[in-house]
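Here are a few friendly notes to read alongside the model. Take them in order, with the viewer open beside you.

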Amino acid sequence: MATYFGIAVDDIFNTMQARFRPEGAAGMDAVLAYDITGDGGGCWKITVKDNTVKIENTDDLAGFSVKTTVDAETFVGISIGKVDGMSAFSSGKMKVEGDMSLLAASPRLFNRFTPPKKGVTVHDIFATLVERFRPENATDLDMTIGYNIGGDDGGQWTAVIKDGKCVLETGLRADATITQIVTAKDFVDLVLGKLDPMVAIGAGRLRIAGDMKAAGIVPKLFAKFTPADAGEEQELIVLKRNISVNMKYSTGRHLGMFLDALKEKKIIANICPKCGRYQLPPREVCAECRCRVEDFKEVGPGGVITLIEDVYYASPDPLTGETRETPYGTVHVLLDGCTPDCTFWHFLKNEDLGNTKEGDRVQPVWAEKRDGGVHDILYFEKENG
Amino acid sequence: MTTEHEHCYVVDGKLALPYQYLAGRVGSKFIVSLRDKKQILGVKCEKCGIVFVPPRQTCEKCLADLTKSWVELSDKGEVTNFTVVRKDDKHHPRKAPFVIALVKLEGADTPMAHIVEGIAPEKVAIGMKVKAVFAKTPTNTILDIDHFEPI
């Protein structure tokens, strides 16, 4: 069985019934079909109706409400959160036919798949029993030890010890020197030292049939079992740093004039002598005509919003190196007196975020102390607001 | 053309880059050993006989995998080259002037760059014997060796 991230496609569908959440299926009457392609894939049909679910492994997917076609690896990845479903969809790895909105509802239908923790199994313990045998403690010993282990993971084994050798057989012998009778879980716990043998015997969870005296030497016959992954996971070093590089920005004369004017609560643009376009902030050269622009004019301070942005993910501010708190709003404002393509970009007052729209009139709010920087304007706020 | 400086300013700014550096399996083992055991580790290419310090995953000559060829190194070595840092920068580990030297440890074939302290910069010389001084508090970086000092 092909597995991805250590998990088979079957594992996910086989646990769906147990992970089903009736409360998430309220009012739903739908058939979700899955065509999982590639190694380990197959077709599954999930019928949700009357707060119940039916999961079928069938090639007949007819009558579906929504059908998802995806390769096995991507499917497993999405199910365990290793692969982003939206990007799998937009990259074309996952194809959806029918009512897509049902897929959006599907996470509510099932509890998230959690891969079973890989623990020690009874089979792991018997796999190493012979190599853990200690002949130095078994000189002249002739005994058979039966293991009758119940439960899903259980089984029956017999260790035959003779002439300083240990041979493991499957099945039980009626004439075993001793036989341990225990459940798989308790057996694993006993071997790992999580369950005390005397406690287990006292509680009736471990029964020993046969020669009780012989039972006493059994622990000496085998070296301690250590799980294969007993080695500590390696510590991996990760450093998270904010590298901050000092920068110097030269304003030049035109931007400097603009900044000087801010000190006086004035906003100045410059006007191209050829095309008549306003530039704000002013530039030395017209971006369209490539000619020098020396004609300055005060504009605003009020204006009309042409574009609002709600910012939820901020990149660091190049002036301070700090990342702003989100959400915040930025606006493009067409200040009074400017030509239509000459908008001015600044912050929107936090309180106006969400209740301001394009076309609204705004005015700048000035900093008390102004030193000729863009933050001499704190932000724009709604007029009469 | 005349140059006019009126209205011309220089504005200070900062360019901050949130950054994540992963030391990898080999680098992590090296750092953890410095930090927890005060033991400098290298790797030895059995084929070429080269001992690399700091350790690396692959031999640069024969491309052999070195991830299982760890060797323990002495904390003593020799300065093979050095420079005196005379300009301060906030990212530097010390205030200027200080010495960054290439130190080749006993038993190693490659030198490692580190700080040399406990001697005036003008007295540092190639061939000088030095010894690692380990950091008192863990840093999870190469600075778990705090610096080298003359023997």
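1. Let's start with burial in chain B. In this predicted model, 21% of the 151 residues of chain B count as buried. A residue counts as buried here if 20 or more other C-beta atoms lie within 10 Å of its own.

2. Next, the layout of chain B. Its secondary structure comes to 1 helix and 9 strands. Following the sequence, you will read the pattern β-α-β-β-β-β-β-β-β-β, with strand 1 at 10–22 and helix 1 at 24–37.

3. A word on contacts inside chain B. Among those with a separation of 6 or more, 49% are between residues 24 or more positions apart.

4. Now please turn to where the two chains meet. Here 26 residues of chain B are in contact with 29 residues of chain A. On the chain B side, strand 1 and helix 1 each supply at least two residues, and strand 1 gives the most, with 13 residues. What kinds of residue make up the side of chain B that touches chain A? They divide into 14 nonpolar, 7 polar and 5 charged.

5. Finally, have a look at the strands that pair across the two chains. Strand 11 of chain A, residues 238–250, is joined to strand 1 of chain B by 13 bridges, and these two strands run antiparallel.

Note on methods
Residues numbered from 1 in each chain as written. Chains lettered and ligands numbered in written order. Predicted model: local features only at pLDDT ≥ 70, side-chain atom pairs only at ≥ 80, totals over all residues. Contact = placed C-beta atoms within 7 Å. Helix = DSSP H or I, 4+ residues; strand = E, 2+ residues; numbered from the N terminus. Nonpolar A, V, L, I, M, F, W, Y, C, P; charged D, E, K, R; others polar. Pairing = 2+ DSSP bridges. Buried ≥ 20, exposed ≤ 12 C-beta atoms within 10 Å, placed from the backbone.
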